[in-house]
Amino acid sequence: MPSYRSLFRTPEFTPLFLGSAAQTAAQTVAGLALATLVYRATGSPLLSAVSMFGPSLAQVLGATFLLSGADRLPPRTALCVIALAFASGTAVQALPGLPVGAVFGVVLALGLVASLGGGVRWGLLNEILAKDGYLPGRSLFNMMSGLMQIAGFATGGALLETLSPRVCLLLSAALYLLAALALRLGLTARPPRNEGRPSASATWRTNALLWSSRPRRLTYLGLWLPNGLVVGCESLYVSYAPHAAGTLFACGAFGMFAGDVTVGRLLPPGVRRRLATPLLLLLATPYLVFLARPPLPVAAVCVAVASVGFGASLVQQERLMELTPGELAGQALGLHSAGMLTLQGLSAVLAGAVAQVTSPAAGMTVMAAGSVCVTLALATAGRRSAEPEPEPAEAR
């Protein structure tokens, strides 16, 4: 398996990595600022959760109509346009007096744009790196995401103590512009991976092909459902601890970083493949403690321990790539990303609705329990599909 250091010697890996880091930092600061802005204006846990994770809700539309562009558009152009669209949309959200309805309109529009980004980015990463380089490369990206989230949430929380949420949104827009510049200058003009024009019909055909395989279906469901339900727990940090949400987000990012390092670099392949279900159970179980409404230090430890379980995604993505033809890698990874983010958005809405009629602690507990149940059900289905079918009587 290639070392992390050797990946940075691979042409185009470093600018893709730096551009993604700037986008992650921008998204982190902007999400916390927007959730805080909406919560201060409305006092609603539901609207606060949707404002932060609402872009994910539009992913289902992108996965339905736009995802063929992941393999049929020039990667550099697509990534730069997406970064510029986020810079513009984030700046619009910072306008004084913008109605809450208009804020959510921009949130959903950005989610639609973002639905294409995962497929383009991870398809390009799969193209840049050798076959055995995708897992450590994606692990390094996940680690970067964890570090950027730690820094972004900590910095965002500190900035919100001294600056207004709108100023923080403008700073995030500037980071998106830096990301677009890094991608434009550092990447080469590669042709699309697949022929033909992006279209809804091409998206539907390829999605149907990807979904037609039972092993791939179970892999996708494992990538989407347990993860998404736990993100529903995360969407309630602002309403659970309004003055310390940045701390909880930072602890979660630290746990995710630790999980990615362990799974992506330290565990041998034979051990790694057996850990998907245990890691998914770890991802949800600590949130059951929130039923007792623990104080902030205990809550922070629970969040950090649980987030180690996000390392399961690396195991599942490796499995997905083993099951997918190379020319469909971009759309396959885009479908994973879009489906995961869609479920995260839906879970944020569900968690916010439960918290609205009960409490944030109760909402987190319900979502965690749902994640545990789904993980056990998928593990059972996976074992059954792996069992060899009995031979017909006439063949014995």
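Surface patches are made of residues with over 30% relative accessible area and no salt bridge; like charges are joined within 9 Å, and nonpolar side chains (Val, Leu, Ile, Met, Phe, Trp, Tyr) within 5 Å. Accessible areas come from the Shrake-Rupley method with a 1.4 Å probe, and for residues only the protein chains shown count as cover. The model is predicted: local features need pLDDT of at least 70, side-chain atom pairs count only at pLDDT 80 or more, and totals for chains, interfaces and linings use all residues. Residues are numbered from 1 along each chain as its sequence is written, and side-chain values use heavy atoms, with hydrogens and water left out.

V60, L61, F65, L66, L112 and W204 make a nonpolar surface patch of about 530 Å². Helix α4 (residues 59–65) gives the most to this patch, with three residues. Helices here are DSSP runs (H or I, at least four residues), numbered from the N terminus. L61 lies in α4. L61 counts as partly exposed because its relative accessibility is 45%, where buried means under 20% relative accessible area, exposed over 50%, and partly exposed in between (1.4 Å probe, protein chains only).

A cavity is a set of points where a 1.4 Å probe fits but cannot get out; a pocket is an open set with protein on both sides within 12 Å along at least five of seven lines; lining residues have an atom within 4 Å of a point. Grid points are joined across faces, edges and corners, and a volume is the space filled by probe spheres set on the points.

The largest pocket has a volume of about 710 Å³. It is lined by 23 residues, of which T219, A276, T277, R319 and G382 are the closest to its centre. Two or more lining residues come from each of α11, α15, α17 and α19 (360–386). Helix α19 gives the most, with seven residues. By class, the lining has nine nonpolar, seven polar and seven charged residues (Ala, Val, Leu, Ile, Met, Phe, Trp, Tyr, Cys and Pro count as nonpolar, Asp, Glu, Lys and Arg as charged, and the others, Gly among them, as polar).

The second largest pocket has a volume of about 370 Å³. Of its 20 lining residues, K131, D132, Y134, E318 and M321 are the closest to the centre. Helices α8 (134–162), α14 (269–272) and α17 each give two or more residues to this lining.

The whole structure holds two cavities of 30 Å³ or more.

Helix α17 is mostly covered, with nine of its eleven residues buried. Among the buried residues are A312, E318 and M321.

Four salt bridges are counted (a side-chain nitrogen of Lys or Arg within 4 Å of a carboxyl oxygen of Asp or Glu). R272 and E318 meet in one of 3.1 Å, N to O. R272 lies in α14 and E318 in α17, so the pair ties together parts that are 46 residues apart in sequence. Both R272 and E318 are buried. E322 pairs with R273 at 3.9 Å between the closest N and O atoms. E322 is partly exposed, with a relative accessible area of 47%.

Technical notes
1 Å grid on protein atoms, 1.4 Å probe; cavity = no way out; pocket = protein on both sides within 12 Å on 5 of 7 lines; lining within 4 Å.
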